[in-house]
Every structure is written in structure tokens, then in C-alpha cells.
Amino acid sequence: MKRSYLTLGYRNLTRRKSRTLLTLLGVVLAVGFTVGLLSISEGFMSSFDRVMGTAGPELFVVPQGQGKMPFPMSMGCSGGALDEKSASVISGIPGVITAEPMIRMFASKKDAPGMLGDMPMMTFAVPPETFFKLRPDAKIKQGRALRKSDNRVHVAGFVMAQNLELKVGDMLLVGGEEFEVIGILERAGQPYDYFGYIPLTSAQQIRELQGKACGMMVKLDSPANSDSVQKRIRVLFPNVDIQSVEEIAEKFQSMMMMSQAVHFAVSCFALLIGVLFVATTMIMSVSERVREFATVRVIGASRGYVVKMIMAESLMLSVLGGVGGCILGYGLSKGIDWLNYIYFRESFMQTWVSPKILIIAMAVSLLIGTFAGILPALNILKKPMAENLRYE
């Protein structure tokens with residue numbers, strides 16, 4: 001009997017091919033749009049977790065009023081500056097490997113490929129002597145590293161060099177001044193892949209911040225020492241804000257969760273369209289087969305069997321639409337990555353169609369089929385059997 005009502009549901013779908021295909025298209029588009037949209041925020045969270053889990057500074061110290069990370073993207077030291085010598089004091093705190101003073105700058109290359117031509121790329125001005133202390137796994141792929149005697153020179157991270165098609169000897173504009181690219185780092189899967197580096201003294205000259213820094217990046221011997229080190233820094237420097245990598249990660253995750261909520265709210269409109277497509281199809285299908293259902297009842301089928309026939313048809317539509325939507329959504333996510341690469345080259349943000357998204361998509365598809373099928377099924381059962389037999 002089970003095989004019978006499934007077979008009848010399938011035959012009815014194939015008997016009305018145009019209507020079935022149109023309905024499937026509506027569900028596929030609704031689910032595909034949802035999967036593609038959710039893959040954006042899911043991919044960003046995945047990329048952020050991966051990068052923040054790598055080696056690098058554990059603490060970020062900035063003057064009060066400058067704004068906590070995600071740090072402001074303004075040039076110079078908006079809100080104040082720290083004494084460069086504070087880095088050596090912080091480096092002397094037990095549990096600290098090194099403290100690196102830095103100034104945020106922007107670099108650009110006018111003839112860069114894609115849309116990156118005049119787009120500013122983040123560059124950090126740091127003391128050459130602390131570069132490898134804070135980034136112990138960094139390696140030079142081409143050229144050489146920064147030296148203490150350097151002035152207007154630039155070392156590019158792997159991704160930055162790839163996106164701007166940089167080579168040793170190229171010129172970049174940093175703070176309105178020309179800097180020569182003297183080195184390119186190997187890919188390390190670290191945040192510094194995306195940034196560039198210049199000598200701290202060069203930025204201090206350009207920004208007229210002699211002896212000053214916008215903030216400190218602090219590397220610890222163990223993340224477990226974070227709280228004790230923060231307490232010591234606050235005692236020595238009461239007018240600073242301190243953030244740990246964990247705090248920054250929590251802020252980003254909170255932002256991305258809000259983004260996911262917005263994405264899902266927007267996709268609900270598409271899902272509503274999918275529900276309407278299936279519901280309309282099922283109402284039309286049931287209304288056309290009133291006498292058929294009544295005849296099935298007359299020859300001995302139960303009310304439950306009739307409901308199963310209608311529900312089987314509706315769920316088949318939704319499951320097929322859900323599978324097609326997942327495939328479409330995956331294709332959309334890859335299309336977003338492709339467009340992202342075409343216009344911006346390699347970026348931090350990559351989409352990701354996670355198993356969680358696929359489960360949500362299929363669950364939503366089943367809900368669409370259930371709600372769209374159950375109402376017509378209950379409606380047909382309310383009518384007396386004799387009335388259904390006389391239905392034209």
C-alpha cells in the first residue's frame with residue numbers, strides 16, 4: 001500500500017509536467033537563494049576563525065579614545081598616540097615575548113589588476129628588528145626583509161603581492177610617498193599574508209609622529225598569561241585600551257551572527273514564494289482530482305491513505321526542489337567567489353556551504369512540502385464522499 005500511494009503521487013507529477021517543472025523552479029530558486037546568501041556569512045566566520053587561530057599577536061594595545069578593534073581604518077593615530085619606548089617596557093613584563101609598536105598606513109598601486117587599482121591596502125609600519133619576533137614563521141619568498149637602516153621600502157605579504165601583481169622593484173604609494181618593494185613573503189596562511197610592511201621610522205616621518213606609535217601588538221609565550229599581562233599593562237599604562245584575540249573574535253562572531261540573521265530574514269521572502277508555488281500547485285491538483293479521491297475512498301481506501309497520496313506528491317516536489325536548490329546555492333556561492341576574485345582578486349572572505357546550511361535548506365524544503373500539502377488534504381476530507389463523487 002505504501003508503494004501504491006507513492007506511485008500515484010509520482011504519476012500525477014509526471015502527468016502534469018509543465019506545472020510540476022514550474023513549481024520545482026520556484027522551490028529551487030527559493031532554496032538556492034537562501035543557501036547562497038547564508039554561505040556568505042558562514043564563509044566569513046569560517047575564514048575568520050581559521051586566521052585568528054593561527055600564530056600572531058595575542059594582545060592589541062591602543063590609546064584610549066582611538067577605538068577598539070576591529071580597529072578603525074583611519075590613517076595616522078586618531079584619538080592619540082603611544083610613546084614608542086612603551087614597547088620595551090611591555091616586552092619586559094613576564095609572559096611577554098615581544099611588543100611591537102606600529103602605525104597603520106595604506107598603500108596603493110595605480111596600475112593594479114581588477115578593481116584594486118587605487119584601492120588602499122592595509123600596510124603596517126613596524127620596527128624591522130621585531131618583525132620576525134612577532135611573526136616567527138614568516139619567510140621571505142623574493143627579495144629581502146626590512147632592515148633598521150631602511151627608509152622608503154616596502155615588504156608585501158603573499159596575498160597582497162599576488163592581488164596587486166607586485167614584484168621586487170615595483171613602486172607603491174604609501175601616505176602619498178613612493179616606496180620601493182624590496183621583498184615578498186611566502187604564503188603562510190596567516191593574517192600578515194594580506195598586509196604590507198614598512199619601517200616604523202618612515203611612517204613617523206610622513207605622519208610627523210617622531211617617537212610615537214598608534215598602538216602595540218603584543219605576543220605572549222602562552223595565551224594563558226593573557227589576563228595577568230593585561231593587568232600589568234594597565235598598571236603601567238592606565239590610559240590605554242587592551243583587547244585580546246579572543247575578545248576580537250567574539251565581536252566578529254557577534255557581527256556575523258547578526259549578518260546571518262539579516263540574511264535569513266531576507267531569504268524568508270524567497271522561501272515564502274516557494275511555499276506559494278507548492279501550495280498553489282497542490283490546491284489546483286487536488287481540486288482537479290476530487291472525484292478521483294472519492295472513487296479511491298469508495299473502493300476501500302481510508303482517509304489516511306488519501307492524505308498520504310496528497311502529502312507524498314507535495315513532499316516529492318519539495319524534496320526534489322530542495323536538492324536542486326542546494327545544488328543551485330552551491331553554484332551561487334562559487335559564483336560569488338569567482339566574481340570576488342575577478343574584481344578583488346584573492347580576499348579574506350570566501351563563501352562556504354557548510355553541512356549546517358544544507359541541513360537547514362532541506363529541513364525548510366520539507367516544511368514547505370508539509371504545509372503546502374496538508375491544507376489541501378484536510379480540505380478534501382471535509383467534504384462528504386457523495387458530494388465529491390458528483391463533483392464536476
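**Exercise 1. Determine which residues K139 touches, not counting residues up to four places away in sequence, and describe its surroundings.**

*Solution.* Step 1. K139 touches L185 and E186 when residues up to four places away in sequence are left out; contact here means heavy atoms within 4.5 Å.

Step 2. This is a predicted model, in which local features need pLDDT of at least 70 and side-chain atom pairs count only at pLDDT 80 or more, while totals for chains, interfaces and linings use all residues. Residues are numbered from 1 along each chain as its sequence is written, and side-chain values use heavy atoms, with hydrogens and water left out.

Step 3. K139 is placed in the loop between α4 and β5. Helices (H or I, at least four residues) and strands (E, at least two) are DSSP runs, numbered from the N terminus.

Step 4. The C-alpha atoms of K139 and E186 are separated by 5.7 Å, although the two residues are 47 residues apart along the chain.

Step 5. K139 has a relative accessible area of 53% and is therefore exposed. The classes are buried (under 20% relative accessible area), exposed (over 50%) and partly exposed (in between), with a 1.4 Å probe and protein chains only.

**Exercise 2. State how many salt bridges a search of the whole structure finds, and examine the pair E100 and R135.**

*Solution.* Step 1. The search finds 4 salt bridges. A salt bridge is a side-chain nitrogen of Lys or Arg within 4 Å of a carboxyl oxygen of Asp or Glu.

Step 2. The side chains of E100 and R135 form one at 2.8 Å, N to O. The pair links distant parts of the chain, 35 residues apart: E100 belongs to strand β3 (residues 96-108), and R135 to the loop between α4 (131-134) and β5 (140-143).

Step 3. E100 has a relative accessible area of 0% and is buried. R135 is buried as well, at 5%.

**Exercise 3. Classify the partners in the salt bridges D150 with R144 and D170 with K167 as buried, partly exposed or exposed.**

*Solution.* Step 1. In the salt bridge of D150 with R144, the closest N and O atoms are 3.0 Å apart. D150 is buried, because its relative accessibility is 11%, whereas R144, at 25%, is partly exposed.

Step 2. In the salt bridge of D170 with K167, the closest N and O atoms are 3.3 Å apart. D170 counts as buried at 13%, but K167 counts as exposed at 52%.

Step 3. K167 and D170 also belong to a network of salt bridges that includes K109.

**Exercise 4. Identify the residues that make the nonpolar surface patch and the helices that supply them.**

*Solution.* Step 1. The patch covers about 430 Å² and is made by L22, L25, L29, L328 and L332. Patches consist of residues with over 30% relative accessible area and no salt bridge; like charges are joined within 9 Å, and nonpolar side chains (Val, Leu, Ile, Met, Phe, Trp, Tyr) within 5 Å. Accessible areas come from the Shrake-Rupley method with a 1.4 Å probe, and for residues only the protein chains shown count as cover.

Step 2. Helices α2 (17-52) and α10 (303-344) each supply at least two residues, and α2 gives the most, with 3.

Step 3. L332 lies in helix α10 and, at 38% relative accessibility, is partly exposed.

Step 4. G26 also lies in helix α2, but this residue is buried, with a relative accessible area of 6%.

**Exercise 5. Describe the position and the polar contacts of T351.**

*Solution.* Step 1. T351 lies in the loop between α10 and α11 (355-382) and is buried, with a relative accessible area of 8%.

Step 2. The side chain of T351 reaches the backbone oxygen of S333 at 3.0 Å. A polar contact of 2.9 Å joins the side chains of T351 and D337. Such a contact is a pair of N or O atoms within 3.5 Å; within protein, one must be able to donate a hydrogen and the other to accept it, and residues adjacent in sequence count only if both atoms are side-chain atoms.

Step 3. Beyond its neighbours within four places in sequence, T351 is in contact with several residues, including S39, I40 and G43.

**Exercise 6. Summarise the protein chain and the confidence of the model.**

*Solution.* Step 1. The chain has 12 helices and 12 strands, and buried residues make up 49% of its 392 residues.

Step 2. The mean pLDDT is 79, and 74% of the residues reach 70 or more; pLDDT is the predictor's confidence in each residue, from 0 to 100.

Step 3. Over residues 385-392, pLDDT stays under 50.
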